[in-house]
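Student: Could we go through this one together, piece by piece? I'd like to see the cut-offs as we go.

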Amino acid sequence: MEELLKEVALSERRKKQIDSFVKTVTEALQSVPSFPKVELGDLSWLAGSVKVPFIMMPAENAGKFQMAPPASVDLIGSYPLGTCIKPRITVDLAVTIPAEVLQTKDDMNQRYPRKRALYLAGLAQHLSSSAEIGSMRYSCLHGNRLRPLLLLTPSGKESSNFTVRLHACLPPGYFKPSRFHPQRNNIRTKWYTGLDSSDPESPEPPTPHYNSSVLGDMLPRAHLQFLSAVSSQCPAFAEGVALIKVWLRQRELDQGAGCFNGFLASMTLAYLLSKHRVNNNMTAYQLLRNTLHFLATTDLTETAITLARKPDSTAPSLPEFQDAFQVVFVDPSGHLNLCAEMTECTYKQVQHEASLSMQFWDDATVNGFHALLMTPKPLERTSDHIFQLLELVKLQASCKKLKLLSELMDHSGNYVRTMLPYILSLLQQGLGQRILLLTHSLSPDPEWTVEAEPPKHKAQPPLSFGLILRPDYAASVLERGPPADSPKAAEFRKLWGPRSELRRFQDGAITEAVLWTGESACEKRLVPRQIVNHLLQLHADIPESCVRYVGAMMDDVIQMSNDVPSTGEEESLKVVQSYDDLSRKLWRLEGLPLSVTAVQGAHPALRYTQVFPPKPLKLDYSFFGKEKSSRSLLPKEGKPCPVYIEPITVVCHMEGSGKWPHDRVAIRHLKAAFHLSLGELLTKEHSYTCRPCPTHLDVWKDGYAFRVHVAYHREPQVLRESVGPDGLLVVRDNEAAQALELATVHRPLLTSTLHGLQQQHPCFGAVCRLAKRWLGAQLLSDDIREDAADLLVASLFLHPAPFTAPSSPQVGFLRFLRLLSSFDWRNNPLVVNLNSKLTAADYTDIKNDFVAGRDSLPVMFIATPSDKKLSLWTKREPSVQMMQRAVMLAAESLKVLEPQLKDGTQIQDVKVAMRPPLDAYDVLIHLLPKQVPLLKQAVDPPLVVFSRGTEAGKAGTPGGAMPVIDYNPVALYLSELRDSFGDLALFFCDPYGGTVIAVLWKPKAFKPVPFKTSEIKARRVEVKGEQAHSVPNVEAIVEDFSVMGKDLVRSVEARTERWSV
């Protein structure tokens, strides 16, 4: 915490630079020349190219204006208070407009805001001749066009270090605050519209937002005095505010229109001190914690708060403020609502974030400091779905349709700010319980040069909205409304329009209902998009073409080629159902010498995480040859490689008994006998086609291939035992025992645990599939294996801090890339607390053991409740180099994908992140697409489609010949290459339809070694003097690549410029 405060605090050197520049600007401002009075619309006195930072609409306005030196120039805001922090350093100067420039009726019809803008233009014109001032730009205070600012930066090297903002302010007490009561009108309808009112007797509508804008210019010095007094009593006040500002900045809540800025943070802390919710002796850490607790538990949209101890009799009451504004926090004067521009949704977001932060802060297993203050939470990584409103100019027509003239006058013609609360309210009502939170982007403060006209309202970037979904309700296709005879039925019909219809339900009730389209899980995930598009079109005339909805950005890369779009959920469910049926039948088999004690799945498809789950196949027997004795199908020469049928691994545990031998070879023979018996019984009782093997039993069922492994629980122990030379029993761990234990104990346990996680989080499987598709596409799937990848994704759902658990594949995948690229793998273990079995003490033990043995542990260390010390799933890979490459590729992929989410003008091709850079490799082996069985799964599948020996339609009845199982020429060829040349090169390939094998020579392999006849494989001899050395025979090796891959390899591209012997 102390290090963070040092990092964001301003250095003494920087403060001296700021003080010097502020002094220069102040002196320059004292010499502003005077000009005689002119009409308000007469700009002849404004020489040069400087423009006025105000949209003069309507153009007509009465009144006089004259330029004169400021009455005073004072530092205000965070800098004099000591709460200004890096990296965005802004220093505020209040330039008081002299009283002679103003008139008593300037509060009416935008006269004062226009004079304020004219005065700023006069200051800009005067300062433009100063050599000490670098750039000059206009902006607006928190996006409020009525309160333009002049931004100044120093000339020279310091130009980018800080910005001074000039605020043109009213003389203290110039207007009576009561004139800006939220229920008063200060903009006349006739002046704004230019039309006479149809009803002269009707009262003018109140203009609370306009009033608070003018009133805000009267109080900055009073606010600084108030905060200075509070700060002087609390030594940690400045540091406490700094921490709150860092917390807000990480959540993008501190900048833009209607933000929760640093000034509000200071006032909130001052409120807590004044109400004795915190005391003056607390540390910055305690002040932050108590402030977040207050924000989490206090809803300012329901309960207004005030800093005014004894407001005067003209001050509005809290209920009057609440009638005019969505969020109410009244300043010490009792007249100004500090949250006047904030929408209800923005405060709800602040409250949600504070609540989450408190939740993680109290969790001993979470690094609260890192989650709360060091982790950025941009909209695209926080929200499950995002959509943008494009062509904001169309909101003008929306205002007209909804008859929002009064609100438009109040916001001085800013139709975007006028419509935003109505859009948010409409969406909140329509999305209802489907969402946990609706958020929106805070439009950035516009900036433009002093020589340019102010940008129009339509020029601001598109409005972005974020949805955090409730997984239980978000994908429901039915919106059930009130009964037909209920008073609320009319309201329901009004909200949904023609989509609402009467429906009878199974319980006999007849109610209003809306039915959305969606058959598969990926279609149902986009029901919120249908709702958003429908409501905006129906109520605000915003066409679908103006709504850019991003909720399934990555779905294409894991899309199954079906009639109905699917991302694998339905296929996974069918596999699991078929497995469950097989499991029950194995349990019920009679006639075995030992009974079955457990049947466990040990395959990614059975935990919903296989990238492309198997589909039930109906075989075209004419495509295959037949081997009659074993009733098996064979691939035919000359035909394309047949469809790849991946065996689904099932572990069948047999009961323990004294009948089991204690010899490892005898156990294997007995297991082979069980495979024969199981096959015979399944064929006899259920007519399944079975093929027993010594190591497993293949079962062809429902168009799937299941590979059943019989397991004996003591076999790993038997493999560890051996008899020493002295005849004593020696127990020593070995690779064979570890591999068997992994396959028969750990992997089935992981599969069942992750299957349970899928039931809790419906999009878990889809995120795993996306993550593994990306790993495969980037040629990393042999380094971060399936089980490790699934655990990485599981950590995002079990330990989402500082986020909520993902509820869409899109945001889950982005967080996976963020985890891979930003986690401190060198200094921390990744703890995945499956089933919440680990306690805080376990976390501490895991961390201590990790630190103590770091040098001997894997580069990627993943700890689980059943594996606290070894990291079984990453024990062998990745290597340090491949881990570095994975981290780099994840970071680059994020840079490609996140801007596409935010910016609709960018080229929309998410597959860019799935296309590996091949320029780093030394040899590329191009394969014949015809012989790549998984070609359809490629990121960019070719247009040519090959028949793979399957027919359309449902899988046939049990029985028939056994198909070709687990035959993938690419994988077999890759295995042969690694066996033959693994000491010389690394081989990479996308397992999902990749048609290129990339080869990278190992640098050490090219060092000449002394000649030995036993080490001459793939090497040639070079004789220099009396020394004979051997070096790799690269030309012959490259030729061998083609020879070994005959009929599979199309060409070998040797990039000779990249290497030399």
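Student: Which residues does Thr 751 touch, not counting residues up to four places away in sequence?

Tutor: Thr 751 touches Gly 601, Ala 602, His 603, Leu 606 and Arg 607, where contact means heavy atoms within 4.5 Å. Before going on, note that this is a predicted model, in which local features need pLDDT of at least 70 and side-chain atom pairs count only at pLDDT 80 or more, while totals for chains, interfaces and linings use all residues. Residues are numbered from 1 along each chain as its sequence is written, and side-chain values use heavy atoms, with hydrogens and water left out.

Student: And where is Thr 751 found?

Tutor: Thr 751 is found in helix H24, residues 735-760; helices (H or I, at least four residues) and strands (E, at least two) are DSSP runs, numbered from the N terminus.

Student: Is Thr 751 buried or exposed?

Tutor: Thr 751 is buried, with a relative accessible area of 3%, given that buried means under 20% relative accessible area, exposed over 50% and partly exposed in between (1.4 Å probe, protein chains only).

Student: What does the side chain of Thr 751 make a polar contact with?

Tutor: The partner is the side chain of Arg 607, at 3.0 Å; a polar contact is a pair of N or O atoms within 3.5 Å, where within protein one must be able to donate a hydrogen and the other to accept it, and residues adjacent in sequence count only if both atoms are side-chain atoms.

Student: Switching to sheets, what is the order of the open sheet of 5 strands?

Tutor: The order is S18-S22-S25-S24-S23, with mixed pairing, and two strands pair if DSSP finds at least two bridges between them. The edge strands, S18 (596-601) and S23 (689-692), each pair on one side only.

Student: How many bridges join S18 to S22?

Tutor: There are 5 bridges between S18 and S22 (residues 648-654), and these strands run antiparallel; Val 599, for instance, has Cys 652 in S22 as its bridge partner.

Student: Cysteines, then: how many disulfides does the count come to?

Tutor: The count comes to 0 disulfides, a disulfide being a pair of cysteine sulfur atoms within 2.5 Å. For Cys 768, the nearest cysteine sulfur, that of Cys 763, is 9.5 Å away.
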